[in-house]
Amino acid sequence: MRDWRKICVGPDNSLEHTMRVIDAGAERIALVVDADDRLLGLVTDGDVRRALLRHLALDTPVSDVMTPHPIVAHVTHSREDRRHLMDQRGLYHIPILDSDRHLVGLETLRDVMGKPLHDNPVVLMAGGLGTRLGPLTKDRPKPLLEVGPRPLLQTIVESLAASGFRKFYLAVNYHADQIMDYFGDGADYGVEISYLVESKRLGTAGPLSLMTERPDLPVLVMNGDILTKIDFESLLSFHKGRKSLATMSVREYGMQVPFGTVSVVDGYAVELREKPTQQYFINAGIYVLDPSLLDRVPKDTFFDMPDLLQQVIDRKERLSVFPIHEYWHDIGRPEDFERAQVDYQADFA
């Protein structure tokens with residue numbers, strides 16, 4: 001059983017504090033307990049993301065977000081009993097309680113079954129020119145720029161491999177030979193790597209048309225210039241649970257209006273706000289796609305991911321939104337690259 005005390009929070013702790021606890025732990029949950037370690041509720045990674053979609057304030061008490069009556073096991077249950085219960089209820093973790101509901105342990109599906117492997121193909125878009133980075137990308141592709149001690153794309157591949165993904169496609173164009181020489185067939189990283197070689201730039205979705213085999217499972221697609229600690233397993237699970245044609249990861253982004261604003265109805269002011277902050281969700285460049293969507297990608301044509309996803313919206317099909325609360329940073333400009341160096345030492349080293 002895991003050390004559950006590290007992931008415990010009190011009912012009055014904030015959503016922001018709980019997010020930090022979840023991000024720091026491998027279990028991807030937080031246990032809400034009272035002063036006597038009695039279990040009051042459970043907060044999953046999904047609970048946090050749903051709260052973010054509702055734009056709940058970060059100082060919201062976690063008791064407003066938690067699941068108050070989670071499924072639990074008794075301390076007298078055998079490991080086989082707990083495994084059967086998790087399998088029967090589709091659980092990834094189960095708190096262990098004594099007869100007075102004191103929390104005495106936590107068991108996860110990974111504890112009883114080992115690390116999961118995912119056969120879903122992963123496509124990493126690594127063919128861009130990186131022109132905004134100026135001289136940094138004059139002689140090498142942006143994904144091979146070193147962030148910390150290794151190339152950015154290596155960090156991405158190793159993170160996905162650690163999450164159980166093993167079949168990779170790298171879409172390459174600019175200095176494609178450098179990327180192919182560096183990663184080879186993927187054996188050094190314990191994965192299988194194939195290449196989608198663009199004879200011309202095809203955008204952030206066009207390279208999908210170069211896949212020679214139609215996959216049976218949802219495809220994870222990610223831009224190759226993102227430094228992140230997103231939970232890829234949670235993303236895949238979220239997509240499956242929503243039964244959507246596509247899932248797009250998003251990041252909350254705030255923009256402060258530099259003036260006081262006035263809300264007007266019928267010519268009368270009804271609200272005054274001093275320099276308010278407008279909250280938006282921005283596209284984070286990480287997606288899960290149903291295999292059928294690959295048939296909609298035109299061949300030998302520049303085609304970006306927003307074009308494909310807009311088709312899903314226009315056809316009134318399901319496009320789910322997966323909010324990222326973990327670290328995420330897009331490396332597009334020199335100042336982004338410099339910040340990534342600092343962040344790597346703090347969050348990845």
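How many aromatic pairs does a search of the whole structure find? The search finds 5 aromatic pairs, where rings of Phe, Tyr and Trp (its six-membered ring) pair if their centres lie within 6.5 Å, and planes under 30 degrees apart count as stacked, over 60 as edge-to-face and the rest as tilted. This is a predicted model, in which local features need pLDDT of at least 70 and side-chain atom pairs count only at pLDDT 80 or more, while totals for chains, interfaces and linings use all residues. Residues are numbered from 1 along each chain as its sequence is written, and side-chain values use heavy atoms, with hydrogens and water left out.

**View 1. The ring pair of F238 and F322.** The ring centres of F238 and F322 lie 5.1 Å apart with the planes at 65°, so the pair is edge-to-face. It links distant parts of the chain, as F238 belongs to helix α7 (residues 232-242) and F322 to strand β18 (residues 319-323), 84 residues apart; helices (H or I, at least four residues) and strands (E, at least two) are DSSP runs, numbered from the N terminus. F238 counts as buried at 15% relative accessibility, and F322 is buried as well, with a relative accessible area of 1%, where buried means under 20%, exposed over 50% and partly exposed in between (1.4 Å probe, protein chains only).

**View 2. The rings of Y344 and F348.** Y344 and F348 form a stacked aromatic pair, with 5.4 Å from centre to centre and 10° between the planes. Y344 counts as buried, at 3% relative accessibility.

**View 3. A cluster of rings.** Y182, F183 and Y189 are linked into a cluster by ring pairs.
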